[in-house]
Every structure is written in C-alpha cells, then in structure tokens.
Amino acid sequence: MSPRIFIFLYLIFSLTFGFAQSNCNCPAYSTSKDSVLKYLKQGKEEEAMLAIKKMMESEDRSCSSLAYLILINNSANSYKFDSLPSWLNKVKVILDELKCKDKEQMILYNMFYGKYYYAKGNYGKSLEYALNYLKIVEDSKDTLTQIDCQLNISLLLARMKEPNKGILYFQKAVQLND
C-alpha cells in the first residue's frame with residue numbers, strides 16, 4: 001500500500017471520530033480502527049479489508065457508513081471509480097436514516113462525490129459537491145481543511161475557464177493561512 005493511501009486512511013479514521021455525534025458514533029470503530037491501521041502498517045491489506053468488511057456487516061448502521069467511506073477512499077486513491085456512486089448513495093441513505101449530522105462523514109461524502117465527478121470530467125457537478133463541502137467546513141474550526149477546499153474550488157473554476165472566480169477562492173485560502 002502506498003504511503004499516500006495509508007496517510008489518507010489514517011486521516012479518515014482520525015477525523016471521522018473527532019466530529020462524530022452520539023447518533024452517528026460507531027462503538028466498534030475504535031477497535032476496528034486500531035486493527036485496520038495495524039494491518040495496513042504491516043502491509044496486510046487482506047486482513048485490513050476483513051476488518052472493514054466486519055464493520056460493514058455490523059448491525060450498527062453508523063459502522064457500516066464508516067466502512068463504506070473507507071472503501072470509497074481506497075477506491076478513489078486507486079483511481080477505481082466504478083463502485084463509488086453506489087457506495088456513496090449507501091452512505092447517504094444510512095446517514096439520512098440515522099438522522100446523522102456527523103460533519104466529517106458529510107464532508108467526506110461531498111468530497112468523494114466531487115472527486116468522482118472530477119475524474120469523469122464533469123467539473124460543474126464536481127464544483128457543486130465542493131461548494132457543499134465548503135459550507136460544512138466553514139462551520140468548523142479546521143482551518144487546514146477550509147484552505148484545502150478553497151484551493152480545490154479555485155482549481156475547479158480554472159478548469160471550467162472561470163479563472164477570475166477561481167482567484168477569489170485562492171485569495172480566501174491565502175487569507176485563512178495568514
């Protein structure tokens with residue numbers, strides 16, 4: 001497993017629980033997280049996937065949602081986008097069903113859909129999800145994530161041949177960094 005994938009999986013594990021609210025909390029997540037990270041550090045992807053599968057099959061729907069997000073991340077980082085819409089829709093159904101307001105899961109949901117549409121060349125739809133992601137992130141105190149989102153939007157607008165709008169988002173990112 002590449003270091004980039006490992007780092008991103010670690011971030012998902014770390015951040016997702018940081019924002020979780022009680023109706024979205026997966027009690028088994030902490031143990032599963034430790035197991036998955038241990039397996040990934042050891043290069044045992046098969047064992048890591050078994051731990052993720054166990055989360056997916058959990059009766060606790062919030063654990064299933066987190067497991068799908070882990071799979072989505074792995075697929076997106078491997079540039080395998082075929083299953084992403086199906087998995088993302090499952091995450092959304094679970095979050096709606098739980099009336100979950102877990103900001104981190106909603107951030108990841110919008111971020112991954114944005115990546116999916118970007119990879120497919122649908123920059124308008126990608127921008128829509130990036131703007132949703134930005135709305136959620138602006139409420140948090142996570143400046144680094146806000147900067148990342150602003151920069152992504154500026155790049156999307158440049159791709160859409162709207163560099164003047166993109167510059168505004170770039171400038172907001174720079175201001176946040178000061």
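1. Ser154 lies in helix α8, helices being DSSP runs of H or I with at least four residues, strands being runs of E with at least two, and both being numbered from the N terminus. Leaving out residues up to four places away in sequence, Ser154 touches Gly166, Tyr169 and Phe170; contact means heavy atoms within 4.5 Å.

2. The model is predicted: local features need pLDDT of at least 70 and side-chain atom pairs count only at pLDDT 80 or more, whereas totals for chains, interfaces and linings use all residues. Residues are numbered from 1 along each chain as its sequence is written, and side-chain values use heavy atoms, with hydrogens and water left out.

3. The overall architecture is helical. The protein chain has nine helices and zero strands, giving the pattern α-α-α-α-α-α-α-α-α along the sequence. Of its 178 residues, 43% count as buried. Among contacts between residues at least 6 apart in sequence, 57% join residues at least 24 apart. The accessible surface of the chain comes to about 9,800 Å², and 53% of this belongs to carbon and sulfur atoms; accessible areas come from the Shrake-Rupley method with a 1.4 Å probe, and for residues only the protein chains shown count as cover.

4. The largest nonpolar core has 45 residues, and Ile72, Phe112 and Ile153 have the most contacts inside it. Such a core is a set of buried Ala, Val, Leu, Ile, Met, Phe, Trp, Tyr and Cys residues joined through side-chain atoms within 4.5 Å. Two or more residues come from each of α2 (29-41), α3 (45-56), α4 (61-77), α5 (84-97), α6 (103-119), α7 (123-138) and α8 (143-159). Ile72 touches Leu84, Trp87, Leu88, Val91 and Phe112, when residues up to four places away in sequence are not counted. In soluble globular proteins, nonpolar side chains tend to be buried together.

5. Thr145 counts as buried at 17% relative accessibility. Its contacts, aside from neighbours within four places in sequence, are with Tyr133 and Val137.

6. Aromatic pairing should be noted. The structure holds eight aromatic pairs, where rings of Phe, Tyr and Trp (its six-membered ring) pair if their centres lie within 6.5 Å, with planes under 30 degrees apart counted as stacked, over 60 as edge-to-face and the rest as tilted. Tyr117 and Tyr129 make a stacked pair, because their ring centres are 5.9 Å apart and their planes stand at 15 degrees. This pair links distant parts of the chain, with Tyr117 in helix α6 and Tyr129 in helix α7, 12 residues apart. Tyr117 is buried at 18% relative accessibility, and Tyr129 is buried at 11%. The pair of Tyr118 and Tyr123 is tilted, because the centres are 5.2 Å apart and the planes are at 55 degrees. Tyr118 is partly exposed at 34%, as is Tyr123 at 22%. One aromatic cluster is formed by Tyr109, Tyr113, Tyr116, Tyr117 and Tyr129.

7. There are four salt bridges in the structure, each defined as a side-chain nitrogen of Lys or Arg within 4 Å of a carboxyl oxygen of Asp or Glu. One of them joins Lys92 and Asp96, whose closest N and O atoms are 3.0 Å apart. These two residues are four apart in helix α5, so they are separated by about one helical turn. Asp96 is partly exposed at 46%, and Lys92 is partly exposed at 26%. Another salt bridge pairs Lys53 with Glu57 (3.8 Å, N to O); Lys53 is partly exposed at 45%, whereas Glu57 is exposed at 57%. Lys165 and Glu162 form a further bridge, with the closest N and O atoms 2.9 Å apart.

8. Val174 belongs to helix α9 (residues 163-177) and is partly exposed, at 38% relative accessibility.

Key: Buried < 20%, exposed > 50% of the residue type's maximum accessible area, 1.4 Å probe, protein only.
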